[in-house]
Amino acid sequence: MTPAEPVEPPEAAEALPAVAPQLRELRRRASLTLEAAARTAGLSPAHLSRLETGQRQPSLPMLLALARVYGTTVSELLGETVADRDSIVRAADMEPTRAGGWTYWQAGAQGRGMQALRVHVPYGAQGDIVRVHPGEEWLYVIEGRLRLSLGDTTHTLAPGDSAHFDSLTPHRIAAAERGGADLLFVHTLLQSPATALCLGGPSQGEPT
């Protein structure tokens, strides 16, 4: 059964010029066909083709999914050059990137197996995307209230609250208030083309 194509919010139409050629090159480097890469990432081949030709822009969860499929990092997908694997990241050097309505900043060294981001989650963006993948994640709420669904349980996190969980647990992240939520987000990135991440709408009976 072909995965349903996700509906992208208007913000996703903003240009990320480096993404399309990088996606195509990294897929070829991983020796994956369009169909195989799309299936592993939980996308339809048609949607992945549109991402590779620049007709669509990927959301942050899609970037995470494709980075895992190709055994690379979100930074490389965005065409960023790794200057120093051991680095200090100054606030003034953190350039915001928008993807699927979210805004995020690299908060750690690029090209590492553990990725650290500062993220702004706007209200109503990607709240229906359920993620499942190998690894683990840690997040800390800086401002606003965050709704985190882990399996069949939904938690509301306030500023100062944190969560550390196995990424194989189906999980969903959304802002609980109209002002959105700001958080620190750390996740492990398994360097294997065989690593899969499933994206899609919530299955029947899951909390919203």
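Which residues form a nonpolar patch on the surface? In this predicted model, local features need pLDDT of at least 70 and side-chain atom pairs count only at pLDDT 80 or more, while totals for chains, interfaces and linings use all residues. Residues are numbered from 1 along each chain as its sequence is written, and side-chain values use heavy atoms, with hydrogens and water left out.

The patch is formed by Y140, I142 and L184, which together have about 220 Å² of accessible area (Shrake-Rupley method, 1.4 Å probe, only the protein chains shown counting as cover for residues). Patches are made of residues with over 30% relative accessible area and no salt bridge; like charges are joined within 9 Å and nonpolar side chains (Val, Leu, Ile, Met, Phe, Trp, Tyr) within 5 Å. Y140 lies in strand β4, residues 136-143 (helices, H or I, of at least four residues and strands, E, of at least two are DSSP runs numbered from the N terminus). Y140 is partly exposed, at a relative accessible area of 32% (buried is under 20%, exposed over 50%, partly exposed in between; 1.4 Å probe, protein chains only).

The largest nonpolar core has 42 residues, of which L66, Y70, Y104 and L139 touch the most other members. Its largest share, eight residues, comes from α4. Such a core is a set of buried Ala, Val, Leu, Ile, Met, Phe, Trp, Tyr and Cys residues joined through side-chain atoms within 4.5 Å. Beyond four places in sequence, the contacts of L139 include L146, L157, F165 and F185 (contact means heavy atoms within 4.5 Å).

Helix α3 (residues 45-52) has H47, L48, L51 and E52 buried. Viewed down the axis of α3, its buried residues fall within an arc of 140°, so they line one face of the helix; the arc is that of the directions from the helix axis to the C-beta atoms. These buried residues pack against α1 (19-29), α2 (34-41) and α4 (60-69). Just after α3, G54 adopts a positive phi of about 80°.

Two salt bridges are present (a side-chain nitrogen of Lys or Arg within 4 Å of a carboxyl oxygen of Asp or Glu). One joins R27 to E52, with the closest N and O atoms 2.6 Å apart. This pair links distant parts of the chain, R27 in helix α1 and E52 in helix α3, 25 residues apart. Both R27 and E52 are buried. R145 and E177 also meet in a salt bridge, at 3.6 Å from N to O. R145 lies in the loop between β4 and β5 (146-150) and E177 in the loop between β8 (171-175) and β9 (181-188), so the pair ties together parts 32 residues apart in sequence. R145 is partly exposed, with a relative accessible area of 35%, and E177 is partly exposed, with a relative accessible area of 35%.
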